[in-house]
Amino acid sequence: MNNTLKGILFVALGATFWGVGGTVSQQLFQQYAIPLDWFITVRLIFSGIFLLMIAIIRKQPILNVYRNRHTLFQLIIYSIFGMLAVQYTFLASIEAGNAAVATLLQYLAPIVILTYLLITRKTDFRLIDLIIIAVSSFGTFLLLTSGNINNIVVAPRAIVWGLLSAIAAAFYTMYAGRLFVRNTPLVIIGWAMLFAGLFISMFNRHWKINPIEFGVIGNMYILFVIIIGTALAFFLYLLSVKYIDPQLTALLGCIEPLTAVILSIIWLKQPFDYIQCIGMLIILGVVFMISIMNGKKKANP
């Protein structure tokens with residue numbers, strides 16, 4: 001298997017695992033009533049430990065982040081306002097609504113980044129930027145209302161958390177570049193998850209929960225989300241960048257929301273009409289366009 005096919009396989013599997021992980025999380029919230037703070041705590045802590053173990057096996061220096069105070073400070077900021085913020089808002093959106101919509105709303109992050117760059121004048125305004133924002137807003141409108149402004153088909157709380165997830169993902173994406181310049185992404189992600197999990201553990205109101213009460217199936221779901229849907233998904237996604245262009249990685253990452261939508265409809269019997277599907281395709285189309293435009297910018301600076 002050549003390197004390009006390896007990269008495509010890794011990112012496709014990683015994105016699929018993310019999508020399945022979100023859907024399984026929805027099942028845990030709905031069928032097992034798992035408390036949000038407890039679930040986020042165990043997910044982040046154990047996923048972080050798992051990734052750091054992979055880093056050790058791959059002989060990556062996991063303690064280098066402690067040798068520079070500035071790097072450590074940046075990592076703490078990234079852990080709380082990046083990793084934790086993304087995970088919390090995303091899972092809160094799933095808990096209040098469903099995995100399909102939560103995933104699609106989070107995919108508005110590139111639009112948030114574009115809007116931020118335009119407002120702060122870090123990029124020149126172009127007509128295409130206005131078109132991108134307008135089209136993505138229309139797609140979001142169709143997704144959330146099914147084309148009827150008087151009929152919001154998604155719980156308002158899920159919408160708020162989903163939009164906050166897009167903002168958190170935008171910060172997470174932009175801030176990560178500072179840390180990845182001098183550090184291995186796998187190590188940074190591992191420590192960020194562990195720090196984020198330890199931080200939210202201080203506010204966890206459900207430490208007395210006994211996982212045994214969730215039964216065999218419930219615990220299998222939890223383990224799947226931690227190991228496959230989080231840690232392994234991140235690892236495969238990061239590994240893919242070694243073999244294929246980041247632009248292609250971003251494009252194939254759209255498999256995640258497609259997986260979440262398909263599983264939500266087939267497995268969880270989530271209602272999702274054709275107008276919402278059009279909204280989904282519009283949002284993903286905009287993400288594709290932004291990825292292509294960014295790729296051309298890098299190729300022709």
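Reader: What makes W161 partly exposed?

Author: The relative accessible area of W161 is 23%, and residues count as buried under 20%, as exposed over 50% and as partly exposed in between, with a 1.4 Å probe and protein chains only, so W161 is partly exposed. Please keep in mind that this is a predicted model, in which local features need pLDDT of at least 70 and side-chain atom pairs count only at pLDDT 80 or more, while totals for chains, interfaces and linings use all residues. Residues are numbered from 1 along each chain as its sequence is written, and side-chain values use heavy atoms, with hydrogens and water left out.

Reader: Which class does Y78 fall into, buried or exposed, and which class does Y172 fall into?

Author: Y78 has a relative accessible area of 0%, and therefore is buried; Y172, with 15%, is buried as well.

Reader: How do you know that Y78 and Y172 form an aromatic pair, and what makes the pair stacked?

Author: A pair of aromatic rings is described by the distance of the centres and the angle of the planes. Rings of Phe, Tyr and Trp (for Trp, its six-membered ring) pair if their centres lie within 6.5 Å, and planes under 30 degrees apart count as stacked, over 60 as edge-to-face and the rest as tilted. By this rule the count comes to 13 aromatic pairs. For Y78 and Y172 the values are 5.2 Å centre to centre and 25° between the planes, and the pair is stacked. Y78 belongs to helix α3 (residues 69-96) and Y172 to helix α7 (residues 156-180), so that the pair links parts of the chain that are 94 residues apart.

Reader: Why is the pair of Y88 and W161 called edge-to-face?

Author: The ring centres of Y88 and W161 are 5.5 Å apart and the planes stand at 65°, so the pair is edge-to-face. Elsewhere, ring pairs link W18, F234 and Y237 into a cluster.

Reader: Why are α3 and α7 called roughly antiparallel?

Author: The helices here are DSSP runs (H or I, at least four residues; strands are E, at least two), numbered from the N terminus. Axes are lines fitted to C-alpha atoms, for helices over the stretch in contact, and angles run from 0 to 180 degrees between N-to-C directions. α3 and α7 pack at an angle of about 155°, with their axes 8 Å apart. Since angles under 35 degrees count as roughly parallel, over 145 as roughly antiparallel, 65 to 115 as roughly perpendicular and the rest as oblique, α3 is roughly antiparallel to α7.

Reader: What are the corresponding values for α1 and α9?

Author: The axes of helix α1 (residues 3-32) and helix α9 (residues 215-240) come within 8 Å and cross at roughly 155°, which means that α1 is roughly antiparallel to α9.

Reader: Which residues touch the most other members of the largest nonpolar core?

Author: A nonpolar core is a set of buried Ala, Val, Leu, Ile, Met, Phe, Trp, Tyr and Cys residues joined through side-chain atoms within 4.5 Å. The largest such core has 62 residues, and L51, Y78 and M83 touch the most other members. Among the elements that give two or more residues to this core are α1, α4 (99-106) and α8 (185-201), while α2 gives the most, with 11 residues.

Reader: How does S146 compare, and is it buried or exposed?

Author: Phi of S146 is near 55°, again a positive value in a residue other than glycine. S146 sits in the loop between α6 (127-145) and α7, and its relative accessibility of 12% is why S146 counts as buried.
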